[in-house]
Amino acid sequence: MHNAIEPIIRRAARLMLDFADPAVYSKGRHADFVTEGDVAVQNFLIEELSKAFPTACFLAEEGEDQQLTDKFTFIIDPIDGTTNYFRRRRCSMISIGVVEGKQPVFGMIYDPYRDEMYYAEPGKGSWCNDDRLHVADMPFEKALIGFGTAPYYEELFDVTGRAFAELLPKVADIRRTGSACMDLCDVAAGRSDGHFEWRLQPWDYCAATLLVEEAGGQCGNILGGAVTYDKGIPHMAASARIFDQLQETLQTIWRESR
């Protein structure tokens, strides 16, 4: 699967970078944008992956009326970090997750600006190019925690702000890149220790969840239970050392914000 998907994602990245000044459109919610680059990359990925895997289904960010089944399915984010992309912040990635029986069987995430190819497969570890990835082993008070602000969901502004204020005195620092995929790759690579977002979509976390878990970390629903891939969830990831403490802290913040 790796050998079939890697050349496709690399060609998609060249297409992504060809748009020097992509047209930008609103999806209707606050700060929720799509560019002509997102659409072009997604169309390209679906077309090329369909040729390589003719029976595959697709769940993609810029699609409509999509439902996840038990079939072999690609879950695609054509450009994660869309605002970064059209503002030329060079912090965007292409993510392809593969699920079967509603569980991940392969994940690949590509950073075209740094030429970093992340990939994982159950039982075979997580990798960036030729380097094996491992989560860090920092205690909670020394942890770097990434987070997403979920700017499209006004009902989550308060709990997002509360989480920042509550966590900042408890950990070493907090980070925000604007790309959930990049934040989760940082967890897998041991460059940070955790990440959370109060509503994240499957195309944002599908490939990256497998990457974190195969690097020795844990992922889950902030409010309890395992990660699911059929709809958005309050998603979190962390090293095994701090996962429970981070989850308990976030659950307390959630309860106090209700």
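Tutor: Start with the inventory: the chain has 7 helices and 14 strands. Both are DSSP runs numbered from the N terminus: helices are H or I with at least four residues, strands E with at least two. The model is predicted: local features need pLDDT of at least 70, side-chain atom pairs count only at pLDDT 80 or more, and totals for chains, interfaces and linings use all residues. Residues are numbered from 1 along each chain as its sequence is written, and side-chain values use heavy atoms, leaving out hydrogens and water.

Along the principal axes, the C-alpha atoms fill a box of roughly 50 × 40 × 35 Å. Of the 258 residues, 53% count as buried (under 20% relative accessible area; over 50% is exposed and in between is partly exposed, with a 1.4 Å probe and protein chains only). Take contacts (heavy atoms within 4.5 Å) between residues at least 6 apart in sequence: 63% of them join residues at least 24 apart.

Next, the sheet. It is open, with 7 strands in the order β3-β4-β5-β6-β7-β8-β9 and mixed pairing. Strands pair if DSSP finds at least two bridges between them. β3 (57-60) and β9 (131-132) are the edge strands; each has a single partner, so one side of each lacks a neighbour in the sheet. Further in, β4 (residues 73-80) runs antiparallel to β5, with 6 bridges between them. Thr-73 is bridged to Val-99 in β5.

Two helices pack on this sheet. α5 touches β4, β5, β6 (103-111) and β7. α6 touches β3, β4, β5, β6, β7 and β8 (126-128).

In soluble globular proteins, nonpolar side chains tend to be buried together. The largest nonpolar core here holds 34 residues, and Ile-75, Ile-109 and Tyr-118 touch the most other members. (Such a core is a set of buried Ala, Val, Leu, Ile, Met, Phe, Trp, Tyr and Cys residues joined through side-chain atoms within 4.5 Å.) At least two residues come from each of β5 (93-100), β7 (116-120), α5 (180-188), α6 (202-214) and β14 (233-239). The most come from α6, which gives 8.

Look at Ile-109. Beyond its neighbours within four places in sequence, its contacts include Met-93, Ile-94 and Ser-95. Glu-116, Met-117 and Tyr-118 are also among them. A second, separate core has 27 residues, including Ile-9, Leu-49, Phe-53 and Met-108.

A polar side chain is worth a look too. His-195 sits in β12 (residues 194-200). Its relative accessible area is 0%, so His-195 is buried. Its side chain makes a polar contact of 3.4 Å with that of Asp-183 (N or O atoms within 3.5 Å; within protein, one must be able to donate a hydrogen and the other to accept it, and residues adjacent in sequence count only if both atoms are side-chain atoms).

Finish with a contrast. Pro-151 lies in the loop between β10 (144-147) and α4 (157-167). At 22% relative accessibility, Pro-151 is partly exposed. Not counting residues up to four places away, Pro-151 touches His-30, Ala-31, Phe-157 and Arg-176. From Met-93, Pro-151 is 58 residues away in sequence and 19 Å away in space, C-alpha to C-alpha.

Key: Axes are lines fitted to C-alpha atoms, for helices over the stretch in contact, and angles run from 0 to 180 degrees between N-to-C directions.
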